[in-house]
Amino acid sequence: MVALFRFIISRLIQDFLLSHGDAPNGGVAIAELIAQNNTLLELKTARNHIRKQCARLLVDKLALNTSLRLLDLSHNDIADQEARLFSRSLHVHPALTHVDLSSNCIGSKGAIALAYAAQQPDSAMQYLNLNGNNIGRMGGVYMLRAMRAV
């Protein structure tokens, strides 16, 4: 798997789909792909068991990529803590317009942080999917406020 990612990083790949990953270092390799490939426009990484440590690494590497427009992290194990980490980088990413965090473990605290990020003036985000998470009433209220503010 690591050899595959090294090959992809070295190419002018614009769209990459990797779902149902079982590799123990898959999240690390995905983070490296984000950081080292500035032609990557879409990254779809559903069902890769991305958890705390990999989520932190993804957030750090996302800051190094200026081309990514779509990031699909649906059906992973992303919870409130990871959602709050992502919210810090999502609102300053210059090109990221579509984020899919559906069917994760995000609650109201994560949804509130993401809503705040979405309504920042420097945010490029146009689409945020939180379907299948338990964002609760307060998370929903903050999402609605963010939609009105944009």
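Reader: Let's start with helix 4 (residues 80-90): is this helix mostly covered or mostly open?

Author: Keep in mind that this is a predicted model. To read cover, you go residue by residue and ask which ones fall under 20% relative accessible area. Here helix 4 is mostly covered, with eight of its 11 residues buried.

Reader: Which residues of helix 4 are buried?

Author: Asp80, Glu82, Ala83, Leu85, Phe86, Ser87, Ser89 and Leu90.

Reader: And what do the buried residues of helix 4 pack against?

Author: For that you look at contacts. The partners are helix 3 (52-62), strand 4 (98-100) and helix 5 (108-118).

Reader: Where does that sit in the whole fold? How many helices and strands are there in the protein?

Author: The protein has six helices and five strands. Follow the chain along its sequence and the pattern reads α-β-α-β-α-β-α-β-α-β-α. As for contacts, take those between residues at least 6 apart in sequence: 86% of them join residues at least 24 apart.

Reader: What share of the 150 residues counts as buried?

Author: That comes to 49%. The accessible surface of the protein is about 7800 Å², and carbon and sulfur atoms account for 53% of that area.

Reader: Now charges. Which residue forms a salt bridge with glutamate 42?

Author: The test is a side-chain nitrogen of Lys or Arg within 4 Å of a carboxyl oxygen of Asp or Glu. Lysine 44 is the partner, and the closest N and O atoms are 3.0 Å apart. The count by this rule is one salt bridge.

Reader: Are glutamate 42 and lysine 44 buried, partly exposed or exposed?

Author: Glutamate 42 has 28% relative accessibility, so this residue counts as partly exposed. Lysine 44, at 24%, is partly exposed too.

Note on methods
Residues numbered from 1 in each chain as written. Predicted model: local features only at pLDDT ≥ 70, side-chain atom pairs only at ≥ 80, totals over all residues. Heavy atoms only, no water. Buried < 20%, exposed > 50% of the residue type's maximum accessible area, 1.4 Å probe, protein only. Helix = DSSP H or I, 4+ residues; strand = E, 2+ residues; numbered from the N terminus. Contact = heavy atoms within 4.5 Å. Areas by Shrake-Rupley, 256 points an atom, 1.4 Å probe, with all protein chains shown as cover.
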